[in-house]
Amino acid sequence: MNMNMFKTLLFRISENRNSTSKKGLSSLLVAILFVTITADAQYRQVEPESAVVSNDHVTINGERIPYEVTAGTQPVWGEDGNPIASLFYVYYRRSDVSDISTRPLVFSFNGGPGSASVWMHIGYTGPRFLAIDDEGYPVQPYGVIENNHSILDVADIVYVDPVNTGFSRILDDEVNRNTFFGVNADIAYLAEWIDNFVSRNNRWTSPKYLKGESYGTTRVAGLARRLQSAHWMFFNGVILVSPTGMGLEPPAMTPRSQILKLPYYAATAWYHDALDEELQSLDLYDILPEVEKFTIEEYLPAVARGGSLDAQKRDEIAEIVAKYSGIGKQDILDHNLTIPTSFFWKDLLRDQGLTVGRLDSRYRGIDRQDAGGSYDHDPALTSWNHSFTPAINHYLREVLGYETDLKYNIFGPVRPWDNSNDTTADDLRRAMGENPFMHVMVQSGYYDGATDYFSAKYVMWNMDRSGKVQDRLRFEGYRSGHMMYLRQEDLATSNEHIRDFIRNSLTNGESARY
């Protein structure tokens, strides 16, 4: 209980002890007890430090993997040495490994910004997987099952919820929100937190990896450089799942960013049988190289000419874009040769009364009306919220036994967010330049309309325009969307790619030198 509140209540009792009836005095004592219990409960809910430890096992590729799992909180320290925030994490450690100096450690973040690390935790690399069907759609009853594709056989994993996501919260009401909510602020405090975690858990000698999804790729790209330059902590690898432009490709829909989405449009149209018969008869992997070539060699140069492009060439480009995208030629001309994503999601299946998803364009939705230039909601995201939210609450509270009255923020309040001075793509390139051991892998879904795969390739090519680190960059694509791992076939393949990436980026006595 707050001390001032306690003194006030005691004063009221002493002042009124003679005039207060037994009933009134009892009510006052009940009030004290209620406030005390409530205050204690509130304190327990946002503890700077906590840990609930349990043991379990998972079968991966036929091998029984025992592990220890810690669900807990660790402080973010202020400059005065007091905790200003508490970050919730879940740490999986394979328990039959005695020498952790050779045992890889992966820090995993999701994006948003403002998203908890729930998605890759129980949807991708962790030892438990949410109950969904083979294509990623919700099923009941909700819950979790064993993830036989988890990477826990080859690496320990820490899933971290940044401030105001998951069970993580600000502790000091006086602290400036700019301390947490911005590209560079986010990187700075998380780097300090990781440094502290590594020290507390004696993992300085372990090979280390960063894994981020969506905005989490901006986060881990910046962390790679920050941890190396300010904490002298070096990493063997960074895994970018559905990467953003990382400051290199602007998030706003510029003509260039719209042009780069054409291969994604073609993939989505192909999936929904919206292309002409000739293209529809081909496999996706036969179509995409053709569209990519056109995009770079013809489409981009044509649109770059803007209003100076002659009418005949404009008409030719519009016809080809219509062929590859499934959108009408006149609509493309009306949009000055580029297709806004919002229009594409609304228009592709408009004649069927359906929309397609942003985060995964395999998903279909229905709107209040078919008219308009944008959909009412993203059918992919609403589907995922439907399945992930009950699963993570059940798993953390009932299976792992982490008790709190806090709401688990799938998405938390982090706005406004300072996006200025985002140089994270170049930060990652610099980190690779400084560290010959560092490798980077990009994983993208062909049907992801939020962070499309071809823009991810563009960022890879242009973050290293010299070509000097291209041999340490790897790209993997999947026939699914933003969360490619929700499709069972891609869950197996993408985890195997991570497993292979970790093994290939480990060293065996080699020197870090060029």
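**Entry on Asp347.** I began with Asp347 and found that this residue is buried, with a relative accessible area of 15%, where buried means under 20% relative accessible area, exposed over 50% and partly exposed in between, for a 1.4 Å probe and the protein chains only. The model is predicted, so I note that local features need pLDDT of at least 70 and side-chain atom pairs pLDDT 80 or more, while totals for chains, interfaces and linings use all residues. Residues are numbered from 1 along each chain as its sequence is written, and side-chain values use heavy atoms, with hydrogens and water left out.

Asp347 lies in helix α12, which covers residues 341–347; helices (H or I, at least four residues) and strands (E, at least two) are DSSP runs numbered from the N terminus. Its side chain makes a polar contact with the side chain of Arg350 at 2.8 Å (a pair of N or O atoms within 3.5 Å, one able to donate a hydrogen and the other to accept it within protein, with residues adjacent in sequence counted only if both atoms are side-chain atoms). Once neighbours within four places in sequence are left aside, I find Asp347 in contact with Ile327 and Asp331, contact being heavy atoms within 4.5 Å.

**Entry on Leu262.** Which helix holds Leu262? I placed Leu262 in α7, residues 262–271, and Leu262 counts as buried because its relative accessibility is 1%. Not counting residues up to four places away in sequence, Leu262 touches Val291, Phe294, Thr295, Tyr299, Val321, Tyr324 and Ser325. For Tyr324, which is 62 residues from Leu262 along the chain, I noted a C-alpha separation of 7.5 Å.

Apart from neighbours within four places in sequence, Gly123 is in contact with Val118, Phe129, Leu130, Phe388, Tyr485, Leu486 and Leu491.

How many residues are in the largest nonpolar core? I found 53 residues there, and those with the most contacts inside this core are Val118, Trp384, Leu396 and Tyr485; such a core is a set of buried Ala, Val, Leu, Ile, Met, Phe, Trp, Tyr and Cys residues joined through side-chain atoms within 4.5 Å. Helix α13 gives the most to this core, with seven residues. A second, separate core has 51 residues, including Tyr89, Tyr189, Leu190 and Tyr215. For background, I recall that nonpolar side chains tend to be buried together in soluble globular proteins.

The structure holds five cavities of 30 Å³ or more, and the largest cavity has about 60 Å³ of space. On a 1 Å grid over the protein atoms alone, a cavity is a set of points where a 1.4 Å probe fits but cannot get out, a pocket is an open set with protein on both sides within 12 Å along at least five of seven lines, and lining residues have an atom within 4 Å of a point. Points are joined across faces, edges and corners, and volume is the space filled by probe spheres set on them.

Among the residues that line the largest cavity I listed Phe88, Tyr89, Val90, Val118, His121, Asp161, Leu396 and Tyr408. At least two lining residues come from each of β3 (83–94), α3 (118–125), β7 (156–160) and α13 (379–399), and β3 gives the most, with three residues.

The second largest pocket has about 310 Å³ of space. Its lining has 16 residues, of which Val76, Trp77, Gly78, Ile84 and Thr179 are the closest to its centre. Helix α4 gives the most to this lining, with six residues.

**Entry on the backbone.** Most residues other than glycine have a negative phi, and most peptide bonds are trans. I looked for exceptions and found a cis bond joining Gly112 and Pro113, with omega about -5°; Pro113 is in the loop between β4 (105–109) and α3. Another cis bond joins Arg415 and Pro416, with omega about 0°, and Pro416 is in the loop between α13 and α14 (424–434).

Asn61 has a positive phi of about 50°, and this residue, in the loop between β1 (50–60) and β2, is exposed, with a relative accessible area of 57%. Trp232 has a phi near 55°; at 64% relative accessibility, Trp232 counts as exposed.
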